[in-house]
Amino acid sequence: MKILIVSNSPWRNDNNFGNSYSNLFDGIHEQIEIANVYLKHGTPDCTIVKTFFQISERSLIRNLLHPKYPTGERRLPDMTATNAEAKDARVFDKVRPFKGPLLIWARTVVWKIGRWKSRELKEFVDAFAPDLLFIPIYYSHYIHDINFWIKNRCGIPAVGYISDDNYSLRKISFNPLFWIDRLIMRRRLRKVFAACDIVYTISENQKEYLRQRFGDKFKVLTKYAEFDKSNKPAGFRPHAPLRMLYTGNLGSGRYSSLCLIAKALRQVNAHEQRIVFDIYTSTVLSEKLRSRLNTAETTLHDAVSFEKVLELQRRADILVHVEGLSLKERLDVAHSFSTKIVDYLQQCKPIFVVGKDDCASIRYFIDNDSGIVAQNYDEIVRKLTAIAASPVILADYAEKAWTCGEKNHRKSIHQEALKNDLLNVVKQTNKTR
């Protein structure tokens, strides 16, 4: 079975898309063949995809100015980034904080008038001859144009995967352009859902929301891990003082929640240092904002490699997951489920969670009794004080975290189910031809 996946980012194990999708397919990639068309600057870097094709906004714009300039090209995993791609990356990093409807529409116009249906792309798709289109359902207009074009050209079935709330209207914004764009996108996504035989969602909340509106084609699909007795970490032995750790971005209100933990720790550690807290993030902060997370109890660090993150998690006593507490922030992540939660569970460490129970990830910890959950500042203080006074309770939550992961994210079980789903979709399509 050959699967074609169109993504915004190149498939790299050090970015969110590549890390997540490598996790999904790594155990079954020898039984299937995957090709990746990606629509941004950068180079691929993974072992499970052998053939890539790149189209970038730079190439589309250059082609409009010089029609003989190709809009796309085949890429190999060992190709290095060009100077132009490095410049694109710097420009993208500068404009990323200003993303909004106008920027989205500007990019959409480039792709709408750009000649991405090139001879090179047609040759790449025809030569690969996919049996199935696996669609990451982004909040993006042009990527769905490309997906529909490939689906129609090849006459193949599609399976979708939506991991963000790109459809609902449960948002807060006073920008009319936001709502215009959202309504246009909802119309597009209805067509995407209709074109897919199966749509995977990132959480139960999201599955139920979409099932009520579009029927029973939705299934939950999250990150896997090897939850086997042979790789279970040794018994939990806390340090003194206890070491708390957060690794991840500080958007969607997470910064404010981490500041509440830092404030609570000043109270918990008033007479002696019983808990210290390390935060590793790639989020760029001003010196004023950084100072609030650089205290006697809390230390802010720059981002480190994924391998280093796993090492830090193994050495920590308490792993921290947070979401924003304001209504707007809660609506933004109401259907979200962070992939690092599975990494946390696999470490067999207690997890301290801050957020409201109307967020999918917070509800997950509550429903599975797999974390110590605090939904406001008073609960943060009370539960951290209890932990500091009696660290013995942490061993029980470490075991609960592992048990939850073993039940819900065991790779050998869920990856086999994914493979069978994809094979069945292709078989059913072949029967009807």
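Tutor: Contact means heavy atoms within 4.5 Å. The structure is a predicted model, in which local features need pLDDT of at least 70 and side-chain atom pairs count only at pLDDT 80 or more, while totals for chains, interfaces and linings use all residues. Residues are numbered from 1 along each chain as its sequence is written, and side-chain values use heavy atoms, with hydrogens and water left out.

Student: Which residues does F352 touch, not counting those up to four places away in sequence?

Tutor: F352 touches M244, I261, I318, L319, V320, H321, I372, A374, I380, K383, L384 and I387.

Student: What makes a set of residues a nonpolar core?

Tutor: The members are buried Ala, Val, Leu, Ile, Met, Phe, Trp, Tyr and Cys residues joined through side-chain atoms within 4.5 Å. Buried means under 20% relative accessible area, exposed over 50%, and partly exposed in between (1.4 Å probe, protein chains only). The largest nonpolar core has 86 residues, and W11, F25, I261, F352 and L384 touch the most other members. Helix α9 (residues 254-268) gives the largest share of this core, 8 residues. Helices (H or I, at least four residues) and strands (E, at least two) are DSSP runs, numbered from the N terminus. Another core, of 36 residues, lies apart from the largest one and has V6, Y142, V192 and V199 among its members.

Student: Why is the pair of Y21 and F134 called edge-to-face?

Tutor: The ring centres of Y21 and F134 are 5.9 Å apart and the planes stand at 90°, so the pair is edge-to-face. Y21 is in helix α1 (residues 16-25) and F134 in strand β5 (residues 132-136), 113 residues apart, which makes this a link between distant parts of the chain. Both residues are buried. They also belong to one aromatic cluster with W11, F17, F25, Y161 and Y200.

Student: What makes the pair of W111 and Y142 stacked?

Tutor: The angle between the planes of W111 and Y142 is 5°, with 4.6 Å centre to centre. W111 lies in helix α4 (residues 101-113) and Y142 in helix α6 (residues 141-154), so the pair ties together parts that are 31 residues apart in sequence.

Student: Why does Y142 count as buried?

Tutor: Y142 has 6% relative accessibility, so it counts as buried. W111 is buried too, with a relative accessible area of 1%.

Student: How do you know that the charged end of R186 sits over the ring of Y167?

Tutor: A charge sits over a ring if NZ of Lys or CZ of Arg is within 6 Å of the ring centre and within 35 degrees of the ring normal. The charged end of R186 is 4.2 Å from the centre of the Y167 ring. K400 likewise lies over the face of Y397, at 4.5 Å from the ring centre.

Student: What is the span of helix α7 set against?

Tutor: The expected span of a helix is 1.5 Å times one less than its number of residues. Helix α7 (residues 176-195) has 20 residues and reaches 29 Å from its first C-alpha to its last, close to the 28 Å expected. Its buried residues are D181, R182, M185, R186, R188, L189, V192 and F193. Among the elements that cover them are α4, α6, β6 (158-162) and α8 (204-214).

Student: Why is R182 called buried?

Tutor: R182 has 4% relative accessibility, so it counts as buried. Leaving aside its neighbours within four places in sequence, R182 is in contact with Y139, D165, N166, Y167, S168, L169 and K171.

Student: What makes R330 buried?

Tutor: At 18% relative accessibility, R330 counts as buried. R330 lies in helix α12 (residues 327-332).

Student: Why is P391 called partly exposed?

Tutor: The relative accessible area of P391 is 27%, so P391 is partly exposed. P391 is found in the loop between α15 (377-389) and α16 (393-408).

Student: What makes the phi of A129 worth a remark?

Tutor: Most residues other than glycine have a negative phi, and most peptide bonds are trans. The phi of A129 is near 50°, a positive value, and that of S252 is near 55°. A cis peptide bond, with omega about 0°, joins A240 and P241.

Conventions:
Rings of Phe, Tyr and Trp (its six-membered ring) pair if their centres lie within 6.5 Å; planes under 30 degrees apart count as stacked, over 60 as edge-to-face and the rest as tilted.
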